[in-house]
Amino acid sequence: RNVLFLLIAFQLLCHSEAKANAEAKTTYYPDYTIYHNVDRYNSEVETLARLYPRCVTTDDSGRSRQGDKLYLVKLTDSSKATRADGSRKQTMLITFGEHAREFLPVESFFKLVHDTCKAFSTGQEETVHLLANVELLLIGLVNPDGRRHLETSKDWCWRGMANMVDVNR
């Protein structure tokens, strides 16, 4: 009899917890004091060349389909136009922020820029060698239209571009 009572009590308890969990669905809203929205991204990219004039140049001549700036950030040792042997520097393009709902790639872009430039400015040997021989071309937010759509629609699962196409499908 005690076992039957315990089984019924356990079943009722589990059912009420499951019902409470189903009713208590929460929506995640990104904390834009941590993550960059499009406007904050643009503002911070515009400051990079002033922060790190020896290794960063920016170009904002690109535009998205809806008119947002597409920034190209170049990391290289700007005092050296060519490699030590006179040959052209190698060029590497790295893109971030293809999918609107993925916040960490854009944050990774800023971390890469800041860490690389700080290491360069302190004379860290590997970074000095890298930037003397390579031009890193970075686009930190490839899909500003999709990110704006996500920000305005509050559809936090949105991964496509504003024209409803997934950028890599």
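Let's start with a term: buried means under 20% relative accessible area, exposed over 50%, and partly exposed in between (1.4 Å probe, protein chains only). This is a predicted model, where local features need pLDDT of at least 70, side-chain atom pairs count only at pLDDT 80 or more, and totals for chains, interfaces and linings use all residues. Residues are numbered from 1 along each chain as its sequence is written, and side-chain values use heavy atoms, with hydrogens and water left out.

**Exercise 1.** Work out how Asp39 and Arg148 meet, and which helices they lie in.

Step 1: A salt bridge is a side-chain nitrogen of Lys or Arg within 4 Å of a carboxyl oxygen of Asp or Glu. Asp39 and Arg148 form one, at 2.7 Å from N to O.

Step 2: Helices (H or I, at least four residues) and strands (E, at least two) are DSSP runs, numbered from the N terminus. Asp39 sits in helix H2 (residues 38-51) and Arg148 in helix H5 (residues 144-153), so their pairing ties together parts 109 residues apart in sequence.

Step 3: Now check accessibility: Asp39 is partly exposed at 46%, and Arg148 is partly exposed at 24%.
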